[in-house]
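Welcome, and please take a moment with the picture below. We will walk through it one stop at a time.

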Amino acid sequence: MAVKAVTRKQWTFMVYLAGDNNLDANGLKDLAEMKTVGSSDDINLLAQFDRAGADRKTKRYFLHKGTPLAKDAVLQLGETNTGSPDALVDFIRWSVKNYPAERYALVLWNHGGGWDDTDVYADERLRAIHRPARGHIRHTFFLSNFQTALKQAAGGAKPRAILYDDDAKDFLDNIEMKKVLAAAQKAAGHKIDILGMDACLMSMAEVACQVRSSVRYTVGSEQTEPLDGWPYHTVLACLAKKPDMETEKFSSVIVGKYIASYPSSEPVTQSAFDLSKSAMLMKAVKELADGLCAELDKEAVQLAVMQARMQVQSYEVPDNIDLVDFCKLLMKKPAAAGALSTACQGIINAVCGPEGIIVKSGCKGASVNNSHGAAIYFPVDTPSPLYAKLDFSRKTGWGKFVKSYAKISRQR
């Protein structure tokens, strides 16, 4: 039974470890990192960890420094589906109720794939339907297409959305994430101060704008993350040393500590967004999308866009590109002079200008050297029909542009 905090602390730092996949061992390592700092008079450090396999219990922890992990367990839940919105909302509500604080950080820990909500378990479920229904068939880690992708993710890969649960064959898509964070805001009585995504490919304009109504700051990566993920020991040590630091400053600290924790040989990115600036970013993207759609009938503009798209900084999922790098490349093309160049500059200002959405960004490694903190979806083929469901796609017209571009590129 959880012991309620006596006083309202400065921070409640919640880590939702969706480890029912090939990241199970890494979850234990990260919990050990967290425990080098532990909870204090100013910080509630909480975790929920779903282990790999249906027979391993999900536990909630109030983490202390210097104790065995087993002693920190305050609640045992049995098997949970970490891809279920209800499971995540329950963890958040429990945390807020039992460990209240002035500010809340929520970290979603798992594989990630940015905006893309493709159901990677669909084929696996279909095969299960046609298996002989003879007693209980225990789930095993056979190599479906998704498992192959996850194994590749050890060095960077192509999983989708976030919070994958291999036993439940479920995950949290971006539509569900928006609803979860609205519930989190209601539970906390204000916006979640920091949404951290210790997962691959989540630092996208689409993801940030999807949660803008319920979150103040996000922290995530444009590129895939190495298996070590966030350096919780150094991040939390900074917070423990100065728990009254501004939320914006803490988001910046996470970025800096993450980049510093990897050698120069490791291609890594990380960035923090101030979501109060999301409306300006969406407006700038709409102006560029409208301008591009209006000019795409011109062959010179088509060629300029194609050249910029070929040269742009992209990531492990090639459909994800760095938004600022694309605009910088496009501005250099003579065909983009005038209104398109002005729209591109508007994007640059909205992303990394003095009043832009980026609080801090960092990158390390030659393959990601042209990263500026914010990725966007720009496929060269027909875009996914799921993209049209996102707030960002509808409100900015970017979905209309990528469809028009795909049609023209096929004709060339």
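Aspartate 24 counts as buried because its relative accessibility is 11%.

Before going further, a word on what you are looking at. This is a predicted model, in which local features need pLDDT of at least 70 and side-chain atom pairs count only at pLDDT 80 or more, whereas totals for chains, interfaces and linings use all residues. Residues are numbered from 1 along each chain as its sequence is written, and side-chain values use heavy atoms, with hydrogens and water left out.

Now step back to the whole protein. It has 15 helices and 13 strands (helices, H or I with at least four residues, and strands, E with at least two, are DSSP runs numbered from the N terminus). Of its 412 residues, 57% count as buried. Among contacts with a separation of 6 or more, 75% come from residues 24 or more positions apart (contact means heavy atoms within 4.5 Å).

What lies inside? The largest nonpolar core holds 91 residues, and Leu106, Trp398 and Phe401 touch the most other members (a nonpolar core is a set of buried Ala, Val, Leu, Ile, Met, Phe, Trp, Tyr and Cys residues joined through side-chain atoms within 4.5 Å). Leaving aside neighbours within four places in sequence, tryptophan 398 is in contact with residues including Val285, Leu292, Ile376, Phe378 and Phe392. There is also a second, separate core of 35 residues, with Phe13, Ala47, Leu236 and Val255 among them.

Next comes a charged residue in the interior. Glutamate 222 is found in the loop between strand E9 (215-220) and helix H8 (232-241). Which side chain of opposite charge is nearest to glutamate 222? That is lysine 328, 12 Å away, and glutamate 222 is buried yet has no salt bridge (Lys and Arg count as positive and Asp and Glu as negative, while His and the chain ends are not counted). The side chain of glutamate 222 does make a polar contact, at 3.1 Å, with the side chain of tyrosine 315 (a polar contact is a pair of N or O atoms within 3.5 Å; within protein, one must be able to donate a hydrogen and the other to accept it, and residues adjacent in sequence count only if both atoms are side-chain atoms). A polar atom of the glutamate 222 side chain also lies 3.2 Å from the backbone nitrogen of alanine 375.

Leucine 201 is among the residues in contact with glutamate 222, leaving aside neighbours within four places in sequence. Leucine 201 lies in the loop between strand E8 (192-198) and helix H7 (205-210), and counts as buried because its relative accessibility is 0%. Its phi is near 65°, a positive value in a residue other than glycine. Most residues other than glycine have a negative phi.

For a contrast, turn to lysine 65, in the loop between strand E3 (58-62) and helix H2 (69-72). Lysine 65 is exposed because its relative accessible area is 59%.

A search of the whole structure finds 14 salt bridges. One of them joins glutamate 102 and arginine 8, with the closest N and O atoms 3.4 Å apart. That pair also links distant parts of the chain, 94 residues apart, with glutamate 102 in strand E5 (residues 101-109) and arginine 8 in the segment before strand E1 (9-18). Another salt bridge brings together the side chains of glutamate 295 and lysine 298, at 2.7 Å from N to O. Salt bridges that share partners also join Lys178, Arg212, Asp391 and Arg394 into one network.

Notes: Buried means under 20% relative accessible area, exposed over 50%, partly exposed in between (1.4 Å probe, protein chains only). A salt bridge is a side-chain nitrogen of Lys or Arg within 4 Å of a carboxyl oxygen of Asp or Glu.
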